[in-house]
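Here is a structure to read closely. Each question asks what lies behind a label, and each answer sets a value against a cut-off.

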Amino acid sequence: MTRGEQAEHNFREGYTCAQAVALAFCKDAGADEKTLLAATYPMGGGMGRMRLTCGAVTGGVTVLGLFFFDLPKGELYAIVQEYARRCREKNGSIICAELLTGAGIGAETSPVPEERGKEYYKKRPCPLLVKDAADILEAMLTERGRL
């Protein structure tokens with residue numbers, strides 16, 4: 001199973017979009033699973049369901065921090081910006097609200113999450129966005145010799 005497939009599976013198992021991506025890289029990053037899941041938990045739904053930066057992207061950015069903590073800040077920021085650019089090119093945006101409305105779904109910002117069931121997963125772009133974010137992240141980590 002690729003990391004993208006693992007991330008999609010994680011999302012379908014009930015993890016937030018950010019957790020789903022981060023968890024797919026947890027072992028390779030040498031991170032404590034419980035801490036990583038806790039740190040990425042509030043990033044779901046575009047940060048606390050405010051529909052800002054896509055949680056799949058922020059989960060990936062968290063992973064970049066784990067893999068590139070040894071770089072100067074400017075170099076890390078350049079990698080983060082490249083990651084965001086690649087995600088934007090792949091899906092048209094990295095903003096949760098834009099991704100949802102582009103798929104014909106409302107971008108409700110109530111703090112109460114929707115119940116997840118078959119219809120939820122059928123209508124939402126999130127499983128694919130999570131997979132794409134993890135695939136892009138894996139490619140970048142491999143290109144830079146970190147995987």
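Q: What makes Tyr121 count as buried in this predicted model?
A: Its relative accessibility is 14%. Buried means under 20%, so Tyr121 counts as buried.

Q: Why is the pair of Phe11 and Tyr121 called edge-to-face?
A: Two values settle it. The ring centres are 5.9 Å apart, and a pair needs centres within 6.5 Å. The planes stand at 90°. Over 60 degrees counts as edge-to-face, so that is the label for Phe11 and Tyr121.

Q: Which parts of the chain does this pair link?
A: Distant ones. Phe11 is in helix α1, residues 3-12. Tyr121 is in helix α8, residues 118-123. The two residues are 110 residues apart, and both are buried.

Q: How do you know that Tyr120 and Tyr121 form an aromatic pair, and what kind is it?
A: Their rings are 5.1 Å apart, centre to centre. The limit for a pair is 6.5 Å, so Tyr120 and Tyr121 qualify. The angle between the planes is 85°. With edge-to-face set at over 60 degrees, this pair is edge-to-face.

Q: Is Tyr120 buried or exposed, and what shows that?
A: Tyr120 has 10% relative accessibility. The cut-off for buried is under 20%, so Tyr120 counts as buried.

Q: How many aromatic pairs does the structure hold, and which residues form one cluster?
A: The structure holds two aromatic pairs. Phe11, Tyr120 and Tyr121 form one aromatic cluster.

Q: What lies over the face of Phe11, and at what distance from the ring centre?
A: Arg116 does, at 4.1 Å from the ring centre. A charge over a ring must be within 6 Å of that centre.

Q: Where is the largest pocket, in terms of the residues closest to its centre?
A: The pocket has a volume of about 490 Å³. Of its 28 lining residues, the closest to the centre are Thr16, Gly44, Gly45, Pro113 and Arg116. The elements that give two or more residues to the lining are α5 (55-67), α7 (96-102) and α9 (126-143).

Q: What classes of residue make up the lining of the largest pocket?
A: The lining has 16 nonpolar, seven polar and five charged residues.

Q: What makes a space a cavity, and how many of 30 Å³ or more does the search find?
A: In a cavity, a 1.4 Å probe fits but cannot get out. The search of the whole structure finds one of 30 Å³ or more. About 50 Å³ of space lies in the largest cavity.

Q: Which residues line the largest cavity, and how do they divide by class?
A: Among them are Cys54, Ala56, Val57, Cys87 and Leu129. Helices α5, α6 (73-91) and α9 each give two or more residues to this lining. By class, there are seven nonpolar residues, two polar and no charged.

Q: How do you know whether Cys26 and Cys126 are buried or exposed?
A: Cys26 has a relative accessible area of 4%. Cys126 has 13% relative accessibility. The cut-off is under 20%, so Cys26 is buried and Cys126 counts as buried.

Q: What makes Lys73 count as exposed?
A: Lys73, in helix α6, has 57% relative accessibility.

Q: What sets the phi of Met47 and Arg49 apart?
A: Most residues other than glycine have a negative phi. Met47 has a positive phi, near 70°. Arg49 has a positive phi of about 65°. Met47 is in the loop between α4 (33-40) and α5, and Arg49 lies in the loop between α4 and α5.

Conventions. Residues are numbered from 1 along each chain as its sequence is written. This is a predicted model: local features need pLDDT of at least 70, side-chain atom pairs count only at pLDDT 80 or more; totals for chains, interfaces and linings use all residues. Side-chain values use heavy atoms; hydrogens and water are left out. Buried means under 20% relative accessible area, exposed over 50%, partly exposed in between (1.4 Å probe, protein chains only). On a 1 Å grid over the protein atoms alone, a cavity is a set of points where a 1.4 Å probe fits but cannot get out, and a pocket is an open set with protein on both sides within 12 Å along at least five of seven lines; lining residues have an atom within 4 Å of a point. Grid points are joined across faces, edges and corners, and a volume is the space filled by probe spheres set on the points. Helices (H or I, at least four residues) and strands (E, at least two) are DSSP runs, numbered from the N terminus. Ala, Val, Leu, Ile, Met, Phe, Trp, Tyr, Cys and Pro count as nonpolar, Asp, Glu, Lys and Arg as charged, and the others, Gly among them, as polar. Rings of Phe, Tyr and Trp (its six-membered ring) pair if their centres lie within 6.5 Å; planes under 30 degrees apart count as stacked, over 60 as edge-to-face and the rest as tilted. A charge sits over a ring if NZ of Lys or CZ of Arg is within 6 Å of the ring centre and within 35 degrees of the ring normal.
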